[in-house]
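The report moves from one unit to the next and ends with the contact between the chains.

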Amino acid sequence: MKPRTTLRIGLVGLIASGLTLMTAAPAWADYAPQPGDVVGVGGDTPQFALQFGADGDYLGDAGFNAAGAYNRLVTFNATADANGRSAYAQGSTEKNPVALNPTDVLRAGTYPVQRVSSSGASLTALLADKGATEVINFIFSSSEPTSAQQTTAGSNGWGYLHVVQIGKDSVEIAADDTTNAPSGLSTAELLGIYTGEYTTWNSLPGNSSGSGNTIIPLIPPSTSSIYKTFIADLKTANGGTAPTLAASVQTVEQNDPTAVTGASSPADAIVPFSAARLNLWNDDYFHNPATSFPGSSSPLSPGVSLLTATAPDASSAYSSPINDYIIFRQSDASSTAAMEPGGARNWVETLFSNPGGSEPFFEKSAGEALIAASGVTPFYDDLGDVSSG
Amino acid sequence: MNKIVSSDKFLRSLTTVALATVATGALALGWAGSAAAAGTPPWEPDPGSVGALIFYNAFGQQITGGNITDSPLAAYVQGADTIRAGDSTATLFGYLPVAGETPAEWSGEALSASTTFPKPSAPSALASSSLPLVTGASGDETVSQLEADFPNTDTSNDGYAGMYQLRVKTSGPDESATTKYDSADIEITGSTWSVVYPAPTLAATTTSLVTVPASPQQVGTSVALNATVSPAVAGTVQFEDGSADIGTPVTVAAGAASISTSTLPVGTETLNAVFAPAAFAAYSGSTGSTSFTVTPAPAANTTTALGVIPTTAAADTAVTISAALTQTSNSSALASGAGRVAFYDDGTDATGDITSNSVLLGTVTLGSGGLASLSYDSFAVGAHNLVAAFTPTDTSVYNSSTTAAAVLFTATTPAVLPASQTVDVNIPAGTLTVTTPYISSNPFQLGTAVLNPAESSFSASAPFGSAGNPSNGVSITDTRAGDQSWTASATVTDFDGGSGNVINGQNLTFTGVTPSYIAGNALQSGDVVTTNVTNSAIYGPTAAGSDGLKGGPHVFATAGDGNGSVYVDGVLTLTAPTSTPAGVYTATLTFTIV
């Protein structure tokens, strides 16, 4: 176990102290992909699995590009910040945050475009990439395409959107390490909290001895897979009727523990969170961003934990499975253009889907190790033409 | 003569063993060199490489090749040099060398997951090393898959054909993979791969073999095979008689290993002592050989005992003369078929020897129990000293022998003397005949010719005997003595219509020729072979030749052993040109048999 320094840093908290928020500059000087490079964008939840798969992880596992491939695998994280945090524009305040709309350059020589920041946005972006030359080759998403999106893909002349599952994750509820929340919250209790029925901890059924503090319910952006999964579960718990979120529900960057630790009362904040992402936090990947290069040698504690124990109403704690998918045009799967000079496989076969041939990189043990390093449970399943919703 | 031979035999031996252990993930091969890629690949030294790769099986023994479908291709792959100090993770990659490109430009892919080193669970020599080490795992990419993903299409002699380069790069926590690497060049040949560069280097060993006692020895002799290995390194020796193993591998102790055998076969064989070193990584194997001759055992002496039952009987009475053959040394009976026994009558000569005056009564092959018996019923009145002589089938196994002393049989005068009669018989020479029921006054009628559908010729046809009336055809009877063969033939004259009108006899054919056998007769199915007599054209009146039934004579039936009677039937067909004038035409058809 590495020594860990608990260091809570919340951007919102920094705002409260009157400091200037980060600027609009890119988080790092992105590599500008060349024409033969395979470019992927996607959602926050699976972003580190793909980042590690491409370039290796922090543990020493070599990524795909370590082979020195002439054409590289390039993935752009959903978050402009390598620590997975949101970036806010100047003038943001705690009560009125303004998203930065960060950008990236997806191909060398092109203008910066708005960074794809969620699974939903990545599906939209892929379907909009209809030019003669692909800018986005694939996306990584925690959501399957909808049937309407599959129809659009067919109309685009791609056949369909080919889906490959590479890992398993789950959505659970994160709270501050020192929290007033009970050690578990059921789906029914969460429905009450997020619709405003339960506003204090001691108003929860079976938790009358709990804190009388006001609950701060946080939720990620509506385009995120975490949001979609969580709201779908609340809808089910609500008898099939979409819940009306209470005014107290605040939107925050998904899978960012600083949303909790930086809340006005961290002990009363809760947020649906990717279990895989918290694994990555707990595996000491993230370090103090306040320390200038070469950076802090001490890993950064997330400061949050998952509420996994039995809820006060005696129900199981909320936990909902989500998957990490790779999605690409089916027409690319049948391409005869080899990814590498002298190679026999196209980029789809090399990286993601090669039925009947040698394992693609993300199915190999090498790829699975990198996925596991991101906190995700590796699980390969070439689903092909599937949709949901 | 003892001799030291090269390690080739060792290598072949190891190959055999290794193929049986493919499941362990690698072949334990000695370095035999590469016929196709002997020497340094054209891209070496590779500026990106800082050291070699050494491959090991799960036991920590160095391997220099394996099956291309092995996964992992080696249990451990160790870099010979540290690539970057402080790294603790290593990954194996495979690349396709391409002529005209630098190694840095080659395409390739990861063959393994990244694994940490040092590896405490590895064999001790590897576990204690700080050098880069990749730990293979089942499911790792195979050389075969590398070949499929990056096909080597070079078929020239430029040194690139069949070649791939394996590289180990290192990384570590908070450190990306190195661009430099340790590497080895391998060649794929058929279903196997082998390290070509850097060529594996192993210290030589020599093995000598001597036998105690020395060659030659009689079959069944216990022979000790003593092998000496130098230098005296650990390992095992497999002793061989030619290519056949003698026992199981013997552990070498203080440079020596021995085994004894008494089952070497008769003949001259090459005995081998094949040394396999325990330290594959350090020493090569070697084989000591010696020629050894096993001589057969001398032929065994035999004893022939003779008896006759009864010992006295009237002349011309059947008596049984028996010989019993045993091996003199142990009185065991000889096996059935071990030889033949000849029985002799020496008359009044009681010495028991066999001379030119001895009368051979008969010879009998030895049966079970080493016994041979002859029943004889032609002894004349008087004394008959009987002797027997045994002749072995294999003189290298048994010696011949005769009875030690004659056995007396006395033929007495019978109470009633036999009356001798002379009986004569005369076997007639017999005859061979061929007949038909047709004579001048009862000629065979072909009937009225008709025009064929194309109106290009006349044709008349009639059966010459048939299954229902076989006697209307040719009748053949052979009563000759001596099982003689016969051949039946036919020939026809031209058909004469008077007034100088002629139909060429070549236009007459005899087809559908079939034997009709007579129930109970000696000639039956298969005994007679028949042949159709055909023609190839319609001939004009004056056309010369011997087609059809004209000329010849034309054979239509034969028999090898012709005694008996048979009918031969067929169809006579006459075809005439349309230029033939109308009228009645007559010809003479003659059947002959010899």
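## A β-α-β unit in chain A

In chain A, E1(A), helix H2 (residues 47-55) and E2(A) make a right-handed β-α-β unit, where right-handed means that, with the strands pointing away from the viewer, the path from the first strand over the helix to the second runs clockwise. Helices (H or I, at least four residues) and strands (E, at least two) are DSSP runs, numbered from the N terminus. The model is a predicted one, in which local features need pLDDT of at least 70 and side-chain atom pairs count only at pLDDT 80 or more, while totals for chains, interfaces and linings use all residues. Residues are numbered from 1 along each chain as its sequence is written, and chains are lettered from A and ligands numbered from 1 in the order in which they are written.

Two strands pair if DSSP finds at least two bridges between them, and E1(A) pairs in the parallel sense with strand E2 (residues 73-76) of chain A over 4 bridges, with A:Val38 standing opposite A:Leu73. E1(A) also runs parallel to strand E5 (residues 138-141) of chain A, to which 3 bridges join it, and here A:Gly40 stands opposite A:Phe138.

## Helices of chain A

Helix H11 (residues 365-373) of chain A is mostly covered, with 8 of its 9 residues buried, among them A:Glu368, A:Leu370 and A:Ile371. What covers these buried residues of H11(A) includes H2, strand E6 (161-176) and strand E12 (377-385) of chain A, together with strand E7 (108-110) of chain B. H11(A) is followed by A:Gly375, whose phi is positive, near 95°.

Helix H5 (residues 187-194) and helix H6 (residues 225-237) of chain A pack at an angle of about 100°, with their axes 9 Å apart; axes are lines fitted to C-alpha atoms, for helices over the stretch in contact, and angles run from 0 to 180 degrees between N-to-C directions. H5(A) and H6(A) are therefore roughly perpendicular to each other, a class that takes in angles of 65 to 115 degrees, while those under 35 count as roughly parallel, those over 145 as roughly antiparallel and the rest as oblique. A:Thr187, A:Ala188, A:Leu190, A:Leu191 and A:Tyr194 of H5(A) make this contact with A:Asp233, A:Leu234 and A:Ala237 of H6(A).

## Sheets of chain B

Chain B has 3 helices and 41 strands, and 39% of its 594 residues count as buried. One open sheet of 3 strands has the order E13-E15-E18 in chain B, with antiparallel pairing. Strand E13 (206-212) and strand E18 (256-261) stand at its edges, each with a single partner strand, so one side of each is left without a neighbour in the sheet. Between E13(B) and strand E15 (residues 223-230) there are 7 bridges, and B:Val210 stands opposite B:Asn226.

Strand E33 (residues 474-478) of chain B has 5 of its 5 residues buried, with B:Val474, B:Ile476 and B:Asp478 pointing one way and B:Ser475 and B:Thr477 the other. E33(B) pairs in the antiparallel sense with strand E30 (residues 432-435) of chain B over 4 bridges, where B:Thr433 has B:Thr477 as its bridge partner. E33(B) is likewise antiparallel to strand E40 (residues 564-577) of chain B, over 5 bridges, and B:Tyr567 is the bridge partner of B:Ser475.

## Contact between the chains

The contact takes 30 residues from chain B and 21 residues from chain A, two residues being in contact if their C-beta atoms, placed from the backbone, lie within 7 Å. Strand E6 (89-95), E7, helix H3 (143-149) and strand E10 (163-171) of chain B each supply at least two residues of the side that touches chain A. The residues of that side divide into 11 nonpolar, 12 polar and 7 charged, where Ala, Val, Leu, Ile, Met, Phe, Trp, Tyr, Cys and Pro count as nonpolar, Asp, Glu, Lys and Arg as charged, and the others, Gly among them, as polar.

Key. A residue is buried if 20 or more other C-beta atoms lie within 10 Å of its own, exposed if 12 or fewer, and partly exposed in between; C-beta atoms are placed from the backbone.
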